[in-house]
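Please walk through the model shown below, beginning with the ligand site and moving on to the way the chain is divided.

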Amino acid sequence: MNSFDFYSPTYFVFGRDRETEAGTYVKKFGGSRVLVLYGGQSAKRTGLLDRVNESLRSAGLASVELGGIKPNPKSDMVYEGIELCRREQVDFLLAVGGGSVIDTAKAIAAGAVYDGDFWDFFSGKAPEKALPVGTVLTIAASGSEGSPDAIITKADTLEKNAAEADCLRPRFSILNPALTESLPPYQTACGVTDIMAHAFERYFTNTPDVETTDRLLEGVLLAMLHEGRRVMADPHNYEARANIMWAGMVCHNDVMGVGRKQDWNSHHLEHVLSALYDCAHGAGLAVIMPAWMRYCVEHGGEKRFAQMAVRVFGCQMDFDDPKRTAMEGVNAFRAFLKDIGMPLTFAEIGADPADIPKLVEMNHIGDGVTGGYIGLDRAAHQEIYEIAAGMRD
Ligand code: NZQ
Ligand code: ZN
């Protein structure tokens with residue numbers, strides 16, 4: 001296992017109705033003038049926003065709002081939020097929503113206390129400080145409620161980049177699984193897919209002797225196969241939603257990623273799809289991941305995939321032909337994605353095979369390679385998009 005630092009100071013508030021305590025927690029973490037951020041429709045329609053605002057009022061907190069944040073959030077909303085924070089002397093940001101709302105809040109939080117352009121933080125410079133952010137999570141997916149990351153798309157160029165720093169970790173996150181019951185089934189399934197992707201990105205590693213994190217990751221993947229099917233069959237199953245919500249957090253706050261080199265090629269390959277076609281991030285992953293997995297199995301990565309196939313998907317190990325076992329696991333994962341209603345083809349997410357050279361270009365690979373498990377150069381990126389587009393048998 002590699003040496004590591006791990007700092008995960010977010011305070012988690014989990015359970016039914018806990019959003020009514022939002023005001024208490026904003027106060028506890030030093031807020032007095034709050035910017036409440038939310039998405040397009042859902043938080044208003046379900047009455048959640050009213051409950052959160054009431055909680056802030058009863059705690060004696062002043063607040064302003066920024067609504068209308070869209071999935072795959074763009075930089076223009078961040079600039080608007082930075083202006084608003086400065087004008088209203090905001091000292092705390094409360095994101096009521098999913099990854100898109102939380103990431104916008106994090107980007108505004110860093111940009112509001114920075115003299116330059118906030119995009120610097122999405123071009124390689126790490127932010128050193130940010131206004132405090134709290135969250136009321138409404139979809140289990142991105143893990144942004146416990147992660148040090150924010151993902152924003154630049155409105156004019158469609159570059160979808162990440163910023164990462166411990167100062168971006170939320171001070172607190174309120175996780176009420178019942179809030180996710182209003183999700184359309186498709187979004188619930190996209191969330192499960194993203195959660196599993198965050199486990200896979202960490203699982204596929206060349207770092208030896210990481211049995212503890214291997215077994216933790218396998219455990220969460222097994223839980224998602226079970227709970228994913230359970231929630232799709234019964235969308236009002238609180239216990240299934242509770243297990244999925246906590247999995248979303250543990251899969252991305254990095255408690256299971258420490259001490260091992262991680263991969264992240266699936267996310268790299270996917271982010272340009274959701275940037276260009278505005279598909280849900282989980283849907284893009286469902287199309288890319290099985291293609292990426294097949295590429296890895298065919299290019300020397302079969303050992304870990306066979307391990308996954310046996311331990312997570314219950315396949316029988318073929319010691320004479322580990323590639324066969326590995327592909328059985330990949331196919332079992334693909335079948336699970338299909339079962340929960342995920343798209344599997346380029347066409348289903350509105351992607352055009354003719355765009356593949358453009359997608360490769362957007363990945364900015366140059367002469368290098370990406371990823372930590374099987375390094376991918378330009379030709380490999382091209383090949384994986386072609387597999388995903390059904391252009392290779
Ligand atoms: O805007 P509203 O009306 O709220 O609708 C949203 C949106 O259409 C809807 N929704 C959310 N909660 C709901 C609900 N509808 C009904 N009831 C509810 N309770 O769901 C849709 C998707 O919301 P979004 O916030 O976009 O989903 P998600 O949490 O999957 O976030 C996706 C974004 O996070 C980024 C992705 O790239 C994408 O931009 N990621 C962020 C990460 C991070 N910060 O650590 C890591 C991830 O890998 C990911 O890249
Ligand atoms: Zn993700």
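In this predicted model, the shell around ligand 1 draws at least three residues from each of domain 1 (11–180) and domain 2 (185–388), bounds that come from an automatic or database domain assignment. The shell holds 31 residues, the closest being Gly40, Gln41, Ser42, Gly99 and Ser100, where a residue is near a molecule if one of its heavy atoms lies within 4 Å of it. At least two shell residues come from each of α5 (99–111), β6 (149–153), α6 (185–203) and α9 (265–277), with helices (H or I, at least four residues) and strands (E, at least two) taken as DSSP runs numbered from the N terminus.

Oxygen atoms of ligand 1 lie 2.6 Å from a side-chain N or O atom of Ser100, 2.9 Å from one of His267 and 3.2 Å from one of His281; a polar contact is a pair of N or O atoms within 3.5 Å. Taken alone, ligand 1 exposes 960 Å², of which the protein buries 89%, by the Shrake-Rupley method with a 1.4 Å probe.

The centres of domain 1 and domain 2, taken over C-alpha atoms, are separated by 27 Å, and 27 residues of domain 1 are in contact (heavy atoms within 4.5 Å) with 24 residues of domain 2. Between them the domains bury about 2,100 Å², 62% of it on carbon and sulfur atoms, this being accessible area (1.4 Å probe) lost on being put together, summed over both parts.

Residues are numbered from 1 along each chain as its sequence is written, while chains are lettered from A and ligands numbered from 1 in the order in which they are written. Local features need pLDDT of at least 70, side-chain atom pairs count only at pLDDT 80 or more, and totals for chains, interfaces and linings use all residues, while side-chain values use heavy atoms, with hydrogens and water left out.

Conventions
A polar contact is a pair of N or O atoms within 3.5 Å; within protein, one must be able to donate a hydrogen and the other to accept it, and residues adjacent in sequence count only if both atoms are side-chain atoms. Buried area is the accessible area (1.4 Å probe) that two parts lose on being put together, summed over both.
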